[in-house]
Amino acid sequence: MTARAAIAVFDLGKTNSKLFVLSPEGRVLDQSRTKPRWHDSNGVRVLDDAALFEWMRGALASAVADHDVGRVMFSGHGCTFALVAGNELSHPILDYEQEPPLEIARKIDALIPDYSETYSPILPLGFNYGRHILWLKERDPALVDNTDTILSYPQFWSWRFSGRKASEVSYLGCHSHLWAPLADDFSSLVDRQGWRDKMPGFAKAGEQLGTYRIELEDGAVADIAVHNGVHDSNSALHYYRSLGFTDFTLVSTGTWVVIFNSSCPLSALDKTRDMLANVTVEHRPAPTIRFMGGREFDIARFGWSKSISSQSISSVIAKGIFALPSFAPGGPFPGAEGRFVGPEPSDEERAAAALIYVVLMTDHSLDLIRSSNPIVIDGGLVKTGLFAGLLAALRPGQAVFTSANAEGSAFGAAALVFEQIGGKPFPDETKAVASADVFGLDAYRRAWRGLIEIDQARQGEAEKKELLA
């Protein structure tokens, strides 16, 4: 270890971006956060990357001055890319939550490789970021031709700080349509579009790419090692594997609930249910199912920001108040419109029903991805205090664990850096979760699933009528 042995990790989320400073022993020394700004530009919504870069540079400089940081790493949310020409963006970074116009969507979706090649389902908006690259090409045919580099989101920031452009497999393999997991190579879409030469050479997640010089207030300079970034949920998966977990299911929670179960066969994945193969930092397919659980919880709780009591959970179950999918795009029930049924809830009961909804969606997703091994829950939903216990109650045959820090994506990114320099500081601080004692929860689950079956049957009939019309 050098004198500057602390590590800074930027955990770049869609809603919140954070900086964690970790000591050589793996302790969090400091943290700060900001909200990325998205704005309209030329008919699309884009990131204010300059504002985010300014915050990142300032936060990093403070971390170097205060904590002797010597290295910086990046963990980034999915579905996002940067088109670069020379040393500048050739187009602002797109917000993935926008849908191409219908006539364009039909045209570009016809170009998507078969699911058996990419294990990446056709998803709405920019959830497949190859789709958004095709959209930009339709908007301006010369744009991609005049772009010399296509960078994944964490690699954009690694480049901004190091000056070196690189690719990284966990992000390219994250339902982008750009990667073929079984071939361990770019997909046929990349070659048909002539994009292979625009993809920079690969570097491992955590590999040092270069340095970034910071001028300190006393006039001294510090050259900070810059490491190649990683996809956030894959980073969390790596973190728990680095602790010794092997055959397990990870429930990574944030804006998205992303569930990995490497024991699930690829043949069990259903492309109509938002099931896919992510790719680990070691280039291995990782069977995955996901839904926008954090976003759905925020929408369905309708502004409730106080804690949710166990009494309100019991009240929702006793009264038969149900939240039904889906309150955001994607997930295992595509096309379903989120709604509440049953008696009119109080504000807290509505929030409680929203929380139970996310638990039940997670439970159902675990069934779809054939999870029977131990479960590890990471991320923001752990902080609700009830999510893990309710899930454990629904799955008595599986051990359920949570982590004390609940920041697996940041800690996984740090673990990748520590591994590069010969360190392994993180102890296993996960704890077994006790099942919540909630009367009627299993019967409530059966009723919830029955209501969904009725809704799906109605949706199927409506679709048939629309086809025959």
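This passage describes selected local features of a predicted model. Residues are numbered from 1 along each chain as its sequence is written, and side-chain values use heavy atoms, with hydrogens and water left out. Because the model is predicted, local features require pLDDT of at least 70 and side-chain atom pairs count only at pLDDT 80 or more, whereas totals for chains, interfaces and linings use all residues.

Histidine 238 lies in helix α9 (residues 232-242); helices are DSSP runs of H or I with at least four residues, strands are runs of E with at least two, and both are numbered from the N terminus. Its relative accessible area of 8% makes histidine 238 buried, where buried means under 20%, exposed over 50% and partly exposed in between (1.4 Å probe, protein chains only). Beyond neighbours within four places in sequence, histidine 238 is in contact (heavy atoms within 4.5 Å) with Val281, Glu282, Gly412, Ala415, Leu416 and Glu419. The C-alpha atoms of histidine 238 and alanine 415 are 8.1 Å apart, although 177 residues separate the two in sequence.

Most residues other than glycine have a negative phi, and most peptide bonds are trans. Cysteine 79, in the loop between β6 (69-76) and β7 (81-85), has a positive phi near 70° and is buried at 4% relative accessibility. Histidine 177 likewise has a positive phi, of about 70°; this residue occupies the loop between α7 (169-172) and β10 (179-180) and is buried, with a relative accessible area of 1%. A cis peptide bond, with omega about -5°, joins proline 325 and serine 326. Serine 326 is placed in the loop between β19 (322-324) and β20 (339-341).
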